[in-house]
Amino acid sequence: MTLPADGPDAGSPDAGSPITQTPVPAPVAPSAAAAVFGARLGLGERFSEILADTGVSHGLIGPREVPILWERHILNCAVAQDSFPHGAAVVDVGSGAGLPGLALAIARPDLELHLVEPMLRRTTWLSDTIAELGLDNCTVHRGRAEEFDGVLRLPWATARAVARIDKLARWTFPLLTEGGTLVALKGCSAQAELDAATAVLRRLGMTGATVRQHGADLLEVATLTLEITVGAGVGRQKKDRRKRR
């Protein structure tokens, strides 16, 4: 099982020279950014500059996304920070351009972020960006999500634009502890997606689910998260099925 690429460059190769693009200046941070990032707004602004520069040249963000970096990407991710309690350890599956992982790490230095990404070009970019921003609460892991079953086991998981919720659950539930929660950033169809996949999610170990809204007072379009809690033995069930084959 291979995680699909997240973001505008889905399906791009993991080799070759960076894409040659005429640089587009990073947009000015909107007033909402100060409310979200507070004293760490400068780090948020630097992150937007990196995304507009090497994020584009490395094929992680499309050049047409640069003018809407804040509203569509950075703030869209960062406002979901209120889903996580203080000091939470979170695995971001299919981290790609650090969305939502790096946006959350900047907004919430108390969080412990584990960024899982299978593509070498992207993990290199993530590591370089973390070093440039001076973030000490992030760890990059190269590989597919299924490779970390039994390696990473954390109370929280998150993902954005990776897959529909039934597929995402198969990849993330084994990485969660008992009672852990997947916070999946979704669009306006979040409730419909949950309704369509409820039976499958229950079989996979879901014990509860809700759709939450974030940033309605700050953003023109609020962020929706589909938050799913899992029970015990999700990882063990998967391993038991392998033994029976």
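This is a predicted model: local features need pLDDT of at least 70, side-chain atom pairs count only at pLDDT 80 or more; totals for chains, interfaces and linings use all residues.
**Entry 1: helices H2 and H5**

I looked up how helix H2 (residues 41-57) lies against helix H5 (residues 120-133). Their axes come within 11 Å and cross at roughly 145°. The crossing of H2 past H5 is right-handed. On the H2 side I listed Leu43, Arg46, Phe47, Ile50, Leu51, Thr54 and Gly55 as making the contact, and on the H5 side Trp125, Thr129, Glu132 and Leu133. I sorted the residues of this contact into six nonpolar, three polar and two charged.

**Entry 2: salt bridges**

I searched the whole structure and found eleven salt bridges.

Aspartate 82 and arginine 212 meet through their side chains, at 4.0 Å from N to O. Aspartate 82 sits in the loop between helix H3 (69-78) and strand E1 (89-93), while arginine 212 is in strand E6 (residues 206-214), so I recorded the partners as 130 residues apart, in distant parts of the chain. Aspartate 82 is partly exposed at 45% relative accessibility, and arginine 212 is partly exposed at 27%.

Glutamate 146 bridges to arginine 144, with the closest N and O atoms 3.9 Å apart. Glutamate 146 has 25% relative accessibility and counts as partly exposed; arginine 144, at 29%, is also partly exposed.

Is aspartate 149 buried or exposed? I found it buried, because its relative accessible area is 11% and the cut-off for buried is under 20%. Its salt-bridge partner is arginine 153, at 3.3 Å from N to O. Arginine 153 is partly exposed at 37%.

Technical notes. Residues are numbered from 1 along each chain as its sequence is written. Side-chain values use heavy atoms; hydrogens and water are left out. Axes are lines fitted to C-alpha atoms, for helices over the stretch in contact, and angles run from 0 to 180 degrees between N-to-C directions. Helices (H or I, at least four residues) and strands (E, at least two) are DSSP runs, numbered from the N terminus. A crossing is left-handed if the near helix is turned anticlockwise from the far one by less than a right angle, and right-handed if clockwise. Contact means heavy atoms within 4.5 Å. Ala, Val, Leu, Ile, Met, Phe, Trp, Tyr, Cys and Pro count as nonpolar, Asp, Glu, Lys and Arg as charged, and the others, Gly among them, as polar. Buried means under 20% relative accessible area, exposed over 50%, partly exposed in between (1.4 Å probe, protein chains only).
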